[in-house]
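The chain is shown first.

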Amino acid sequence: MSGPQCCSNPPTLNPGSGVGHVEELAGLKTYVTGSLDSKLAVLLVSDVFGYDAPNLRKLADKVAAAGFYVVVPDFFYGDPFVAERSDRPLAVWLKDHGPDKGFEDARLVIDALKSKGVSAIGAAGICWGAKVVVGLAKEALIPAAVLLHPSFVTVDDIKSVKVPIAILGAEIDQLSPPALVKQFDEILKAKPEVGSFVKIFPKCAHGWTVRYNVNDATAVSYADEAHQDMLNWFTKYVK
């Protein structure tokens, strides 16, 4: 489930990237962007490379520009996955950073946001983060969820989702292949009371929404399309 594709095109991390700033939220260092005045927040849960990834922060800034207060916590406590470390392959790293721990931390982040006066919080999970966000959707701790090229998400997870959910998958994806994403779609269509939107992006590979080459116009346009789908979902349900 955690093959090489999960870790292809690793970002060059930059703690100074983005127009927002880093502050502590629920005990976690968190990239924060946008205005609290909106009372509407979006929690972005990163892939294994963590919250310092420039394209991820650029996405957070884009969501903030649409009127949301956006938080991107460091769920890895300063210890993101490093692809070059042969002594610590992903399977070993995951023992220290399982999505179950991320889910517990995400609950605390949601509580912290509510204590700041936020009235509604949507959540989007990327790769590893999708497993965290689907957990929030199963417990109805958020009004809406978006999964972007999910990792580790199962049919049973999707069967248990209780809130509107959008799933954006890639045509070239060993972690959530199109056949599995189509299964997710069938399950959700059988539950019309839970709003859903499922889309498979042609010619795109796992990671395309945040690990794209900024100099490749086609890759940027596919990422932008996915970002807009995510924004549309939050605009519709986080209010």
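## Sheet

Eight strands make an open, mixed sheet, ordered β1-β2-β4-β3-β5-β6-β7-β8. Strands are DSSP runs of E with at least two residues, helices runs of H or I with at least four, both numbered from the N terminus. Strands pair if DSSP finds at least two bridges between them. β1 (21-25) and β8 (196-205) are the edges; each has a single partner strand, so one side of each lacks a neighbour in the sheet. Neighbouring strands are turned by 25 degrees on average, direction ignored.

β2 (residues 28-33) and β4 (residues 69-73) pair antiparallel over four bridges. Y31 has V72 in β4 as its bridge partner.

## Basis

The model is predicted: local features need pLDDT of at least 70, side-chain atom pairs need 80 or more, and totals for chains, interfaces and linings use all residues. Numbering runs from 1 along each chain as its sequence is written, and side-chain values use heavy atoms, without hydrogens and water.

## Helices on the sheet

α3 packs on the sheet and touches β1, β2, β3 (40-45), β4 and β5 (120-126). Contact means heavy atoms within 4.5 Å. The direction of α3 makes about 150 degrees with that of β4. Angles run from 0 to 180 degrees between N-to-C directions; axes are lines fitted to C-alpha atoms, for helices over the stretch in contact.

Helix α7 (residues 217-237) touches β3, β5, β6 (145-148), β7 (165-172) and β8. Its direction makes about 170 degrees with that of β8.

## Helix pair

The axes of α3 (residues 99-115) and α4 (residues 128-138) come within 9 Å and cross at roughly 55 degrees. Residues in contact include F103 and I110 in α3, and W128 and L136 in α4.
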